[in-house]
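Please walk through the side-chain contacts of this protein model.

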Amino acid sequence: MDYFLFGVLPYLALTVLVFGLIARYERDPFTWKSSSSQLLRRKQLVWGSILFHVGVLIVFFGHLVGMLTPVEIFHMLGMSYGFKQVLAIVVGGVAGAMAIAGGAMLLHRRLFDPRVRANSSFADTGILVLLCAQLVLGLGTILISIQHLDGGEMVKFMMWAQGVFTLQSGAWELVADVHWVFKLHIFLGLSIFILFPFTRLVHMFSVPVRYVVRPGYQIVRTRKHKVNLGQKP
């Protein structure tokens, strides 16, 4: 089971993610969006969306940088494993709490507002539930991490993640003995990667870069002078 979770599922998830995104973009480009419901309960949407997206982005890039940065770089910077783990706990905890608060607002809006619910698909609601559950599990891992602040457990995950991307077949053994909360957190995260190409999450890759380099436009409005028929020209 550990071999499948840490040695097989990561490659399966990454394969489905990459080829699923390519296939959807090629076959159904008009579905590559996040359907907007901003006209419905807009105030709750704005606050929930800001908290959720900012929190999720911090958590995501924190995981990305923290897990895939070679250990040697932290040595060069003079950053100890313990300090990095405390930093990850503090920043990740705050960002995770923000994302959960925002996600709860968005989920409440989607479930309990009849008009929003009528405009939501099963996938829209389901992926938001999974993301909120993943965030709760992420905060749950903090309760385990604070019990060993030496950073040893964190280094295991760093070596495992880097081993996956460098195709090291025995990388899964590094994390086979971690707490079940971490295992469930990783399983759900990889499952979200698999579902990613088939949900509204694809809009994360729709960064409007072309608007930065597009040529400028100028809108000119003209007013036609009214002609007074009672006066001679």
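What follows covers salt bridges and then aromatic pairs in this predicted model.

Begin with the charges. The structure holds four salt bridges. One of them joins the side chains of Arg200 and Asp124, with N and O 3.3 Å apart. Asp124 belongs to helix H6, residues 122-145, while Arg200 sits in the loop between helix H8 (180-195) and helix H9 (210-213), so this bridge ties together parts that are 76 residues apart in sequence. Both partners, Arg200 and Asp124, are buried.

Now move to helix H7, which spans residues 152-165. Here Lys156 forms a salt bridge with Glu153. Their closest N and O atoms are 3.6 Å apart. Lys156 and Glu153 are three residues apart in the helix, so about one helical turn separates them. Are the two partners buried or exposed? Lys156 has a relative accessible area of 26%, which makes this residue partly exposed. Glu153 is at 18% and counts as buried, because the cut-off for buried is under 20%.

Lys156 has another partner. Its side chain also meets that of Asp177 in a salt bridge, at 3.4 Å from N to O. Asp177 lies in the loop between H7 and H8, whereas Lys156 is in helix H7, so the contact ties together parts 21 residues apart in sequence. Asp177 is exposed, at 56% relative accessible area. Taken together, Glu153, Lys156 and Asp177 are linked in a network of salt bridges.

Turn next to the rings. A pair of aromatic rings is described by the distance of the centres and the angle of the planes. The structure holds four aromatic pairs. Among them is the pair of Phe60 and Phe61, which is edge-to-face. The ring centres are 5.2 Å apart, with 80° between the planes. Phe60 is partly exposed at 36% relative accessibility. Phe61 is partly exposed too, at 45%.

Another pair brings us back to helix H7. Phe157 and Phe182 form a tilted pair, 5.1 Å centre to centre and with 40° between the planes. Which parts does this pair tie together? Phe157 lies in helix H7 and Phe182 in helix H8, so the parts joined are 25 residues apart in sequence. Phe157 is buried, with a relative accessible area of 8%. Phe182 also counts as buried, at 9% relative accessibility.

How values were computed. Residues are numbered from 1 along each chain as its sequence is written. This is a predicted model: local features need pLDDT of at least 70, side-chain atom pairs count only at pLDDT 80 or more; totals for chains, interfaces and linings use all residues. Side-chain values use heavy atoms; hydrogens and water are left out. Helices (H or I, at least four residues) and strands (E, at least two) are DSSP runs, numbered from the N terminus. Buried means under 20% relative accessible area, exposed over 50%, partly exposed in between (1.4 Å probe, protein chains only). Rings of Phe, Tyr and Trp (its six-membered ring) pair if their centres lie within 6.5 Å; planes under 30 degrees apart count as stacked, over 60 as edge-to-face and the rest as tilted.
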